[in-house]
Amino acid sequence: MLDNIRIVLVNTSHTGNIGSVARAMKTMGLSKLTLVDPVQEPDSHASALAAGATDILASATIVDTLQEAIADCGLVIATSARNRTLDWPLLGPRECAAKVLEETSQHQVALVFGRENSGLTNEELQQSQFHLHIPTNPDYSSLNLAMAVQTVSYELRMQWLESKQRAPENLPEYPRAEDLERFYEHLEKTLGQTGFIVPQHPGQVMTKLRRLFNRARPEENEINILRGILASVDKSTGNT
């Protein structure tokens with residue numbers, strides 16, 4: 001189960017933080033690390049702070065975009081430290097761990113952590129189904145990257161140990177992130193062709209629709225039905 005959990009770090013500034021994250025992961029039994037456009041790839045400083053978890057650094061995957069990092073994942077949860085004007089389904093660390101472990105038998109799961117100084121952009125946050133918020137002390141909420149990963153990894157390990165005593169459940173098949181993106185692209189194109197979305201002034205329509213579908217969490221066959229409906233609309237309007 002833990003092998004299907006991927007820790008994704010976006011645009012990390014300091015290699016030492018990457019090493020510390022590797023250490024936090026290994027102590028809790030996690031091994032898959034993906035780096036999205038790091039300012040610098042892991043070096044000797046990262047290895048020093050990994051303190052014996054250099055195997056995780058050596059096997060880390062490095063990609064250019066978040067979309068590449070999560071393309072084959074059926075569940076994506078992104079960390080968010082700030083309140084947003086547009087609400088997204090929100091989980092705490094304990095709820096997050098339960099949701100992740102519930103789905104790891106079905107597909108790959110990504111836990112996405114943002115930049116040390118500014119976190120994730122709105123566009124990056126919208127590529128997830130859920131947001132994760134660690135409820136720190138509001139008077140002093142300074143939590144560094146490795147601490148955040150350690151907190152979530154601990155909850156995952158504790159619930160994983162408990163889950164070994166329970167019988168597995170059969171879960172629906174959810175679409176991968178890349179399939180969801182294709183659906184959103186198709187939806188936006190069709191809505192533009194019908195005039196529902198004005199390309200020059202798109203507003204927040206697609207953001208709100210992403211939120212709606214993330215909240216509904218359509219299964220893979222339901223996404224296929226929706227794609228079929230869009231194709232039917234395209235055909236009837238002569239925009240195939």
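The legends below describe close-up views of cavities, a loop and salt bridges in a predicted model. Local features are reported only at pLDDT of at least 70 and side-chain atom pairs only at pLDDT 80 or more, whereas totals for chains, interfaces and linings use all residues. Residues are numbered from 1 along each chain as its sequence is written, and side-chain values use heavy atoms, with hydrogens and water left out.

**View 1. The largest cavity and its lining.** Two cavities of 30 Å³ or more are found in a search of the whole structure, a cavity being a set of points, on a 1 Å grid over the protein atoms alone, where a 1.4 Å probe fits but cannot get out. The largest cavity holds about 60 Å³, a volume being the space filled by probe spheres set on the points, with grid points joined across faces, edges and corners. Its lining, made up of residues with an atom within 4 Å of a point, consists of Gly74, Gln129, Tyr174, Pro175, Leu180, Tyr184, Phe213, Asn214, Arg217 and Pro218. By class, the lining holds six nonpolar, three polar and one charged residue (Ala, Val, Leu, Ile, Met, Phe, Trp, Tyr, Cys and Pro count as nonpolar, Asp, Glu, Lys and Arg as charged, and the others, Gly among them, as polar).

**View 2. The second largest cavity and its lining.** The volume of the second largest cavity is about 60 Å³, and the residues around it are Gln126, Gln127, Ser128, Gln129, Ala177, Leu180, Glu181, Tyr184, Arg210 and Asn214. Two or more of these lining residues are given by α8 and by α9, with α8 giving the most, four residues. Three residues of this lining are nonpolar, five are polar and two are charged. Domain 1 (3–164) and domain 2 (175–235) each contribute at least three residues to the lining, the domain bounds coming from an automatic or database domain assignment.

**View 3. Arg217 and its salt bridge to Glu103.** Arg217, in the loop between α9 and α10 (220–236), has a positive phi of about 50° although it is not a glycine. Its side chain meets that of Glu103 in a salt bridge at 2.8 Å, N to O, where a salt bridge is a side-chain nitrogen of Lys or Arg within 4 Å of a carboxyl oxygen of Asp or Glu. Because Glu103 belongs to helix α5 (residues 93–103) and Arg217 to the loop between α9 and α10, the pair ties together parts that are 114 residues apart in sequence. Arg217 is buried at 12% relative accessible area and Glu103 is buried at 1% (buried means under 20%, exposed over 50% and partly exposed in between, with a 1.4 Å probe and protein chains only).

**View 4. Salt bridges linking Glu178, Asp179 and Arg182.** Glu178 and Arg182, four residues apart in helix α8, or about one turn, form a salt bridge in which the closest N and O atoms are 3.8 Å apart. Asp179 and Arg182 form a salt bridge at 2.7 Å, N to O. Glu178 is partly exposed, with a relative accessible area of 35%, as are Arg182 at 41% and Asp179 at 25%.

**View 5. Pro89 and its contacts.** Pro89 lies in the loop between β4 (73–79) and β5 (90–91) and is buried, with a relative accessible area of 17%. Beyond its neighbours within four places in sequence, Pro89 is in contact with Gln129, Phe130, His131 and Arg215, contact meaning heavy atoms within 4.5 Å.

Notes
1 Å grid on protein atoms, 1.4 Å probe; cavity = no way out; pocket = protein on both sides within 12 Å on 5 of 7 lines; lining within 4 Å.
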